[in-house]
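Hi there,

Here is the structure I promised to pass on to you. Please open it beside this email and follow along as you read.

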Amino acid sequence: MTNDADVRFLAPRTAAARLSRRALLAGFGVAGLGALSACSRTTKMAASPALDGELESKLNLYTWGDYDNPALIDAFKSQNDVLVQVDSYGSNEELIAKLATSRGTSGYDVVVPTGSNIPKMLKHNLLQELDFDLIPNFEHVDPNFTHQYFDPENKYSVCKAWGTTGYVYDTTKISRDMTSWQDFIDVAQDEAAGTTSLLEDPWEVAAIALAALGYSLNTEDEAELEEARTLILEKIAPNTKAYIGNVATGMIQGSFTLLQAFNGDARQGMSEVASPENWKFVFPTPSANLWMDCWALATGAPHPDAAHAFINHMLSPNTAIDQLDYIGYPIGIKGLEELAAGADLSLPELIFPTQEVLDRLEASKQTPADQIRTSIFADAQARSGA
């Protein structure tokens, strides 16, 4: 039982239930940009206390709502006699704005940005280097999730959780076997016309068309993006009923037959619908997003020793299954699939894409062309009547 006097959640599980963690994945909003415009690499930031190997009596964690198993946090508290406070945010922009405006005095220690946001945060000195001598469990991190483009040397971040994008469909309404994004587009115009949903995410919506056209999902080529715009506006958007982040609820309601979805959210929906055997999830060809959320240390963290100890605790293979079972997304720990096999988890095939799938995924990046993707998304919503 979690002791609320020791672990304080400002966004409790009951309040966060059925809210998709991934709904704001790509982070194309404008919140936080004003704060960053006033915060440059040369801005003087408050310094974090020096590491001395002695755990402080407190830890402040700033993360997505309901994104860690409370029992694991309580175990860290009990083992180390550290008071843990957990505050939550709903988007990367909210996190960035908080850190940028405070200039190292936010009071937060451990934060959890999505990887694509880390280059921007480093540019504005919002994160500080980790000391991996204090995180020995880093040796357990799967090489698939280290040395990513946003932090090639893993100086500032460690994988916390990861996932990908695909789609889920009702096999009682759609009898054909579906494997690709082109299949998604074809069915959206036919069997699933008017019962299709897309994610509330400009990058992800554009990725459907870009993948089907054979282009990089991160392309900045305006001609390629215009081709994607035409495909989305003429063939996908007119047949789209809604743009939703809460895929599980959409499946349970029964008014959708084809839903673009993050794999963990689709698994949640399939675990809750009345007839899960009627639904199938696809890791589509040729590519899709590989997103990753990361443990990181905020600049000016007041409790750096406790922060490193906490990250090390959460990277332990001993905590990985409990964390996976709670949040519904895999932790970047080696051998996790084998550990999960003995834990009787439902629908493990949705949690763990094959290596063949992993090898073809493309991690989303923030680029100047994001403005075009946002425009495409707005035009698609208008074309759908959303």
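Predicted model: local features only at pLDDT ≥ 70, side-chain atom pairs only at ≥ 80, totals over all residues.

**Helix pairs**

Two packed helices are described by the angle between their axes and the distance between the axes. Let's start with α6, which covers residues 181-188, and its partner α7. Their axes come within 8 Å and cross at roughly 115°. Sorted by class, the contact of α6 with α7 has six nonpolar residues, one polar residue and no charged ones.

Helix α7 (residues 202-213) also packs against α8, at an angle of about 105° and with 9 Å between the axes. Angles of 65 to 115 degrees count as roughly perpendicular, so α7 and α8 are roughly perpendicular to each other. From α7, the residues V205, A206, I208, A209, L210, A212 and L213 take part, while α8 brings E224, L225, E227, A228, L231, I232 and I236. This contact of α7 with α8 has 12 nonpolar residues, two charged residues and no polar ones.

How do α8 and α16 lie relative to each other, parallel or perpendicular? The axes of α8 (residues 222-236) and α16 (residues 370-384) come within 10 Å and cross at roughly 15°. Angles under 35 degrees count as roughly parallel, and α8 and α16 are therefore roughly parallel to each other. Here α8 passes α16 in a right-handed crossing. In α8, the residues E222, L225, R229, I232 and L233 meet I372, R373, S375, I376, D379, A380 and R383 of α16. By class, the contact of α8 with α16 has six nonpolar, one polar and five charged residues.

Most residues other than glycine have a negative phi, and most peptide bonds are trans.

- D66 is not a glycine, although its phi is positive at about 60°; look for D66 in the loop between β2 (58-64) and α3 (70-80).
- L347, also a residue other than glycine, has a positive phi near 50°; L347 sits in the loop between α13 (336-341) and α14 (348-351).
- T285 and P286 are joined by a cis peptide bond, with omega about 0°; P286 belongs to the loop between β10 (279-282) and β11 (290-298).

**Cavities**

How many cavities of 30 Å³ or more does a search of the whole structure find? There are four cavities of 30 Å³ or more, and the largest cavity holds about 80 Å³ of space. Its lining is made of T114, G115, S116, Q148, Y149, F150, L290, W291, M292, A363 and S364. Six residues of this lining are nonpolar, five are polar and none is charged.

Best wishes

Note on methods. Residues numbered from 1 in each chain as written. Heavy atoms only, no water. 1 Å grid on protein atoms, 1.4 Å probe; cavity = no way out; pocket = protein on both sides within 12 Å on 5 of 7 lines; lining within 4 Å. Points joined across faces, edges and corners; volume = space filled by probe spheres on them. Nonpolar A, V, L, I, M, F, W, Y, C, P; charged D, E, K, R; others polar. Axes fitted to C-alpha atoms, helices over the stretch in contact; angles between N-to-C directions. Helix = DSSP H or I, 4+ residues; strand = E, 2+ residues; numbered from the N terminus. Parallel < 35°, antiparallel > 145°, perpendicular 65-115°, else oblique. Left-handed = near helix turned anticlockwise from the far one by under 90°. Contact = heavy atoms within 4.5 Å.
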